[in-house]
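Notebook open, structure loaded. I want to jot down what I looked up, one topic at a time.

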Amino acid sequence: MKIVDAQVVVTSPGRNFVTLKLTTDDGLTGLGDATLNGRELAVVSYLTDHVVPLLTGRDPHRIEDTWQYLYRGAYWRRGPVTMAAIAAVDVALWDIKAKAAGLPLYQLLGGASRDRVRAYGHANGRDIPELLDSVRARLAEGYQAVRIQSGIPGLKAVYGVHSTDDDGAPVLHQQARPLVEDWDTDAYLRHTPTVFEAVRAEFGAELPLLHDAHHRLSPVQAARLGRDLEPYRPFWLEDCTPAENQEALRLVRRNTTTPLAVGEVFNTVHDYQTLISEQLIDYVRSAVTHFGGVTPLRKLFDYAAQFQIRSAVHGPEDISPVGMAAALHLDLAVHNFGIQEYSGHTPLTDEVFRHAYTFTDGHLHPGEAPGIGVELDLDLAAAHPYEAAYLPVNRLQDGTVHDW
Ligand code: KDG
Ligand code: MG
């Protein structure tokens, strides 16, 4: 079998997605997600200008060799643009291989280790009463685990909470210029334990509650928050520090038993070396889409498993249904699965990317369609072209740019 065509498709059915579609001389097709939120066109160029010309004529069954060829062969290794591009090729090749075998991808990864995959959803509110309503809404949708993010008194717009403009109208996070959020770490550290207290008081001790600090704390601040949240038994505290400084997590770990989740901005196993080998974290958060695909993420999970660290694949709206489907096949197959983030997509996005995966009673299943189980409607995709959009930036109260 040979690859005869490679097409890069950019579409915006509500937000931007970048998809690679490979076609073989046998007429099989494979899809891979290459979406890098806010920097989409850089990956389009990397794929179109530097990867697609290398793919035609290659044997699609040689997944490991193609991965090494693109990773080592480029000389310039790692980085989100490179690894998103390689991820798209890797997933498209796994899609083709599984279709050629007539099997859903999870069967090629060792078969199902569980019947279904537990997901967590997002609840957020500008204040605690609004957050409680949002948790209620997620529970009504069937979720059995919820990430809670709350606005902070005195701040206009903070991470994970829908912001409003001066007239109270909602401000979307996808903007032609970055929205500016504001931040005050002391106010956040005072407020967040009261948020957990209120949610526990309303929903009881058993509901798994997650929280994302989005890289905003210093090690000592993170340790303080971890300790203050301990009475409320969080499922995890995510991205408490900018963890590219892996050593920073030592101080956090020594000072709190709150479980730690890290890694959505990481793109190779090297970013995790210290964190895993020293058991400084409990969950690895990388997405198939940003980590070079199924091939390296499987290796990461197997490495993490030796240290009782579990998977928790990143799954916000900016991971396309193609990236989500690939994650679900891995989730079902690996032994050390922890939890899967799942925000769902707009109905239009689900029409552009028709998928076999399902969400029932707070759990996902990748379905039994051969491959990863996603079909791309090219005409509908073309009807919704790329729109320039940025993620927000974050400033302290005195105007200093802070981590987002
Ligand atoms: O593109 C950035 C988002 O995917 C990220 O901010 C979402 O932190 C996130 C999460 O945990 O889903
Ligand atoms: Mg996060």
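**Helix pair α7 and α8.** I started with α7 and helix α8 (residues 248–255), which pack at an angle of about 25 degrees with their axes 8 Å apart. This is a predicted model, so I am reading computed geometry throughout. Angles under 35 degrees count as roughly parallel, and therefore I put α7 and α8 down as roughly parallel to each other. I also noted the handedness: α7 passes α8 in a right-handed crossing. Then I listed who meets whom. From α7 I have Pro-219, Val-220, Ala-222, Ala-223 and Arg-227, and from α8 they meet Ala-248, Leu-251, Val-252 and Asn-255.

**Helix pair α6 and α7.** Next I went to the pairing of helix α6 (residues 185–203) with helix α7 (residues 219–229). At what angle do α6 and α7 pack, and how far apart are their axes? I get about 20 degrees and 9 Å. So α6 and α7 are roughly parallel to each other as well, and their crossing is right-handed. On the α6 side, the contact uses Thr-185, Tyr-188, Leu-189, Thr-192, Pro-193 and Phe-196. On the α7 side, I wrote down Gln-221, Leu-225, Asp-228 and Leu-229.

**Domains.** I checked the domain assignment, which gives domain 1 (3–104) and domain 2 (108–369). Their C-alpha centres lie 26 Å apart. For the contact between them, I have 33 residues of domain 1 touching 34 residues of domain 2.

**Nonpolar cores.** Which residues have the most contacts inside the largest nonpolar core? My list reads Leu-22, Ile-148, Leu-249, Tyr-272, Ile-281 and Val-294, in a core of 109 residues. Helix α3 (residues 80–101) gives the most to this core, with twelve residues. I also see that the core takes at least three residues from domain 1 (3–104) and at least three from domain 2 (108–369). There is a second, separate core of nine residues, and among them are Tyr-120, Leu-210, Phe-235 and Tyr-283.

Leaving out residues up to four places away in sequence, Val-294 touches Asp-90, Val-91, Trp-94, Leu-105, Leu-109, Val-288, Ala-326 and Leu-330.

**Val-374.** I found Val-374 in strand β18 (residues 374–376). Is Val-374 buried or exposed? Its relative accessibility is 2%, so Val-374 counts as buried; the cut-off for buried is under 20%. Val-374 and Leu-31 are 343 residues apart in sequence, yet I get 7.6 Å between their C-alpha atoms. Leu-31 is also on the contact list for Val-374, along with Pro-321, Val-322, Ala-325, Phe-353, Arg-354 and His-355, with neighbours within four places in sequence set aside.

**Positive phi.** Last, I looked up two residues other than glycine with a positive phi. For Arg-78, phi is near 70 degrees, and I located Arg-78 in the loop between α2 (63–71) and α3. Arg-78 has a relative accessible area of 34%, so I call it partly exposed. For His-215, phi is about 65 degrees, and this residue is in the loop between β9 (209–212) and α7. His-215 comes out at 8% relative accessibility, so I logged His-215 as buried.

Conventions. Residues numbered from 1 in each chain as written. Chains lettered and ligands numbered in written order. Predicted model: local features only at pLDDT ≥ 70, side-chain atom pairs only at ≥ 80, totals over all residues. Heavy atoms only, no water. Core = buried A, V, L, I, M, F, W, Y, C linked by side-chain atoms within 4.5 Å. Buried < 20%, exposed > 50% of the residue type's maximum accessible area, 1.4 Å probe, protein only. Helix = DSSP H or I, 4+ residues; strand = E, 2+ residues; numbered from the N terminus. Domains from an automatic or database assignment. Contact = heavy atoms within 4.5 Å. Axes fitted to C-alpha atoms, helices over the stretch in contact; angles between N-to-C directions. Parallel < 35°, antiparallel > 145°, perpendicular 65-115°, else oblique. Left-handed = near helix turned anticlockwise from the far one by under 90°.
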